[in-house]
Amino acid sequence: MIHGRRRILPSVAAATVAATVGLVACAQPVPMAAAAPDGAVHVRLLVKIARASEDGGAIAAEASRLAGVPVRYAAATSAVWHALVLDCTSIGECNDAVARLRAARNSYPVVERDERKQGASS
């Protein structure tokens with residue numbers, strides 16, 4: 001206590017803010033990443049998988065099964081972090097698919113929107 005007030009350690013405050021921001025981010029709908037000329041919606045995600053793997057085909061197949069929409073494998077950043085692309089017919093369908101992936105915490109402990117700058121070909 002300093003002068004009758006509690007002092008919060010900076011690391012505790014930072015952890016609390018980070019946790020709060022993380023919860024808010026998880027609750028937000030996924031905005032449209034890219035709409036194709038045919039009206040399809042493509043949302044790129046970064047996912048952390050529970051068991052390390054470098055089999056992109058298997059990772060995409062499992063994600064598609066859980067998400068309920070076609071999923072394409074994009075890239076690996078490590079054996080547990082992978083970029084995936086959801087192929088949906090609407091932003092609502094993609095939001096629902098992301099929610100299903102986030103609910104599958106045993107398979108995907110982390111599912112987040114890939115905000116990294118994309119090249120001209122994406």
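Buried residues make up 26% of the 122 residues in the protein chain. Buried means under 20% relative accessible area, exposed means over 50%, and partly exposed lies in between (1.4 Å probe, protein chains only). This is a predicted model, in which local features need pLDDT of at least 70, side-chain atom pairs count only at pLDDT 80 or more, and totals for chains, interfaces and linings use all residues. Residues are numbered from 1 along each chain as its sequence is written, and side-chain values use heavy atoms, with hydrogens and water left out.

The protein chain exposes about 7800 Å², and carbon and sulfur atoms supply 59% of that area. Areas come from the Shrake-Rupley method with a 1.4 Å probe; for residues, only the protein chains shown count as cover.

**Fold and core**

Three helices and five strands build the protein chain. Their order along the sequence is α-β-β-α-β-β-α-β. Helices (H or I, at least four residues) and strands (E, at least two) are DSSP runs, numbered from the N terminus.

The largest nonpolar core has 19 residues. Such a core is a set of buried Ala, Val, Leu, Ile, Met, Phe, Trp, Tyr and Cys residues joined through side-chain atoms within 4.5 Å. L45, L86 and L101 have the most contacts inside this core. At least two core residues come from each of β2 (41-48), α2 (56-67), β4 (81-88) and α3 (91-103). In soluble globular proteins, nonpolar side chains tend to be buried together.

Contact means heavy atoms within 4.5 Å. Leaving out residues up to four places away in sequence, L45 touches a list of residues including L84, L86, V98, L101 and V111.

**Strand β5**

V110 is found in strand β5 (residues 110-113). V110 is partly exposed, at 26% relative accessible area. Beyond four places in sequence, V110 is in contact with L46, V47, K48 and W81.

**Salt bridges**

The structure holds four salt bridges. Each is a side-chain nitrogen of Lys or Arg within 4 Å of a carboxyl oxygen of Asp or Glu. Three of them are tabulated here.

| Salt bridge | N to O distance |
|---|---|
| E62 and R65 | 2.8 Å |
| D87 and R72 | 2.7 Å |
| R113 and E115 | 3.7 Å |

E62 and R65 both lie in helix α2, three residues apart, about one turn of the helix. E62 is partly exposed at 26%, whereas R65 is exposed at 58%. D87 lies in strand β4 and R72 in strand β3 (residues 71-76), so the pair ties together parts 15 residues apart in sequence. D87 counts as buried at 18%, while R72 is partly exposed at 41%.
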